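Dear colleague,

I am handing over a structure that you have not worked with before, and my notes on it follow below. Please keep the sequence and the 3D view open while you read.

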Amino acid sequence: MRVAAALKAKGGDEFAKPGSIIEIKFVKGESLSLTASRLLALMILTAGGDAWEDRPHRIRKADIRRGHKGNERITDMLQELHRTLFAVDDKSWRGKKATLLFSLISRSREETEEEGGEAGWIEWEFTPDARKLIQASETYAVLNRQAVLGFRSNYALKLYELGALRLHRRQATWRGDMQALRAALGIPPDVYTDFAQLRRKVLEKAKSEIDQLAHFRVEWREIRQGRTVTELEFRFEPKGAPEVIETVDELDRHSAGRQARREGTVENVSVGQGAIPAPRKAVAGRKPTEAGFPRGSLRYGDDEAEFRSIGRQYGGGWDVDMIADGFRGHMGERLEKLRGAKLIAAWKGFCEGWVNRRGRPQ
C-alpha cells in the first residue's frame with residue numbers, strides 16, 4: 001500500500017496491484033471479461049494506497065469510457081464485478097482447511113443523470129474480505145495503465161500481470177500443470193480443450209501482445225508425457241533498453257493499426273481529397289549535461305535521485321554506478337536522444353535485465 005500511494009502521488013501511468021489479487025482464484029475457472037478486468041485495474045489504480053480502507057472510492061466515467069459514447073458498458077462491467085465470485089484458501093472456525101468465497105465489490109453507485117460531455121461518476125466500496133486481502137499482500141506488481149488498457153485478449157492481460165509479479169519477486173519463471181494454467185488465466189474448463197487450439201488461441205496471442213506492450217518478453221516450454229502436454233513453464237525476461245523504448249513509443253501510438261504493426265503487415269492509409277496530413281513537429285531536446293544522468297555518478301545530487309532510486313529498487317543490490325556504466329556502454333550514441341519517460345523506462349528495463357542476466361551479487 002505504501003508503494004501504491006507513492007506511485008499515485010508521483011502521477012504517470014504506473015500503478016501497483018497487490019499480488020494477492022493477481023493470484024486470486026476464480027470460482028469454477030471462470031474469469032472476468034476483458035472490460036471488467038480493465039475496470040478493476042482502474043479501480044485499484046484510483047484507490048491507490050487507500051484501497052484497504054473502509055471508505056468509498058470514486059472515478060469519472062470519462063476515465064473508463066476510453067472513447068465509447070455510451071455508458072451501458074460501464075453498467076455491465078459493474079454488475080459483472082458484483083456477481084463474480086473469487087476463492088482463497090482459508091481456515092474454518094474449527095481450524096480445518098477451507099475455501100473462502102467472496103466478491104471484490106460490496107456496493108456501487110453510478111450517476112444516471114447526464115449533464116452532458118464528460119460528466120458522470122461512479123462510486124464503489126471494496127468488500128471487507130477484499131480489503132483484508134489487499135492489506136495483507138506482501139508482494140505487488142507494477143503495471144502500466146496504457147498497457148492494461150491496450151490489451152485485446154483477457155488471457156494476455158492475466159499473463160501480463162502474472163509476469164510483472166514474478167519479475168518483481170525475482171522469480172522469472174512460472175510452472176504449472178494444465179489445471180493450474182487454467183486457474184491462473186481464468187480459462188473455463190470446457191473451453192479450448194484441445195491443446196493445439198489453446199496454444200493458438202490463448203498462448204500465441206497472449207505472447208504477441210505482451211511482447212509488444214509489456215516491459216518484458218514471455219516464452220514458454222511444453223513438458224510432455226508421451227505426446228500429451230502435461231505442464232508448461234513460462235519464462236519472463238525484461239526487455240533491453242532499445243526494446244523498452246520501442247514499447248514506450250508503441251504505447252504512445254493510437255491503438256488503430258497496432259495489430260498490423262505487431263504482425264509486420266503493411267498498412268495502406270488513404271488520404272481524402274483535399275486533406276493534407278499535418279507535419280510532425282520536431283521537439284528539440286536538451287542535451288544531457290556532464291553532471292546529469294546518464295552522465296556522471298548516481299550517488300550524489302538531487303537531480304539523479306529518481307534514477308538512483310530506480311537503480312536500487314530494480315538493480316538487485318548491484319552498485320548503481322556499475323549498472324549505469326553498463327547502461328551507457330549498451331546504449332552508446334542513442335543516449336543523446338533519450339528524454340523523460342523514455343529515458344526512465346530504458347533505465348528501469350536495463351536494471352531489471354542486469355539482474356536477470358547476472359543474478360544478485362555474492
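**Cavities, pocket and sheet**

The residues that line the second largest cavity divide into four nonpolar, two polar and two charged. Please bear in mind from the start that this is a predicted model. The lining in question is made up of Val 142, Ala 164, Leu 167, His 168, His 215, Tyr 314, Lys 348 and Glu 352, and the two elements that each give two or more residues to this lining are helix 8 and helix 15, the latter spanning 340–358. Helix 8 supplies the largest share of the lining of the second largest cavity, namely three residues, while in terms of domains at least three residues come from each of domain 2 (151–260) and domain 3 (304–358). The volume of the second largest cavity is about 60 Å³.

The count comes to two cavities of 30 Å³ or more, and the largest cavity holds about 100 Å³ of space. Its lining consists of Lys 17, Ile 21, Ile 24, Phe 26, Leu 32, Ser 37, Leu 40, Phe 86, Leu 104, Leu 157, Lys 158 and Glu 161, which by class makes eight nonpolar, one polar and three charged residues. At least two residues of the lining of the largest cavity are supplied by each of helix 3 (34–47) and helix 8 (154–168), and helix 8 gives the most, with three residues.

Two or more residues of the lining of the largest pocket come from each of helix 1 (2–10), strand 8 (140–144), helix 7 (145–150), helix 11 (241–252), helix 13 (305–314) and helix 15, and it is helix 15 that gives the most, with six residues. Sorted by class, the lining of the largest pocket has 17 nonpolar, nine polar and eight charged residues.

Three strands form an open sheet in the order 2-4-5, with antiparallel pairing. Strand 2 (25–26) and strand 5 (97–102) stand at the edges with a single partner strand each, so one side of each is left without a neighbour in the sheet. Strand 4, which covers residues 86–91, pairs with strand 5 in the antiparallel sense over six bridges, and Lys 91 stands opposite Lys 97 in strand 5.

Finally, a word on confidence. The average pLDDT of the chain is 79, and 81% of the residues score at least 70. Over residues 268–291, however, pLDDT stays under 50, and for these residues the model has 13 contacts beyond four places in sequence.

With best wishes

Note on methods
Residues numbered from 1 in each chain as written. Predicted model: local features only at pLDDT ≥ 70, side-chain atom pairs only at ≥ 80, totals over all residues. Heavy atoms only, no water. Pairing = 2+ DSSP bridges. Helix = DSSP H or I, 4+ residues; strand = E, 2+ residues; numbered from the N terminus. 1 Å grid on protein atoms, 1.4 Å probe; cavity = no way out; pocket = protein on both sides within 12 Å on 5 of 7 lines; lining within 4 Å. Points joined across faces, edges and corners; volume = space filled by probe spheres on them. Nonpolar A, V, L, I, M, F, W, Y, C, P; charged D, E, K, R; others polar. Domains from an automatic or database assignment. pLDDT = per-residue confidence, 0-100. Contact = heavy atoms within 4.5 Å.
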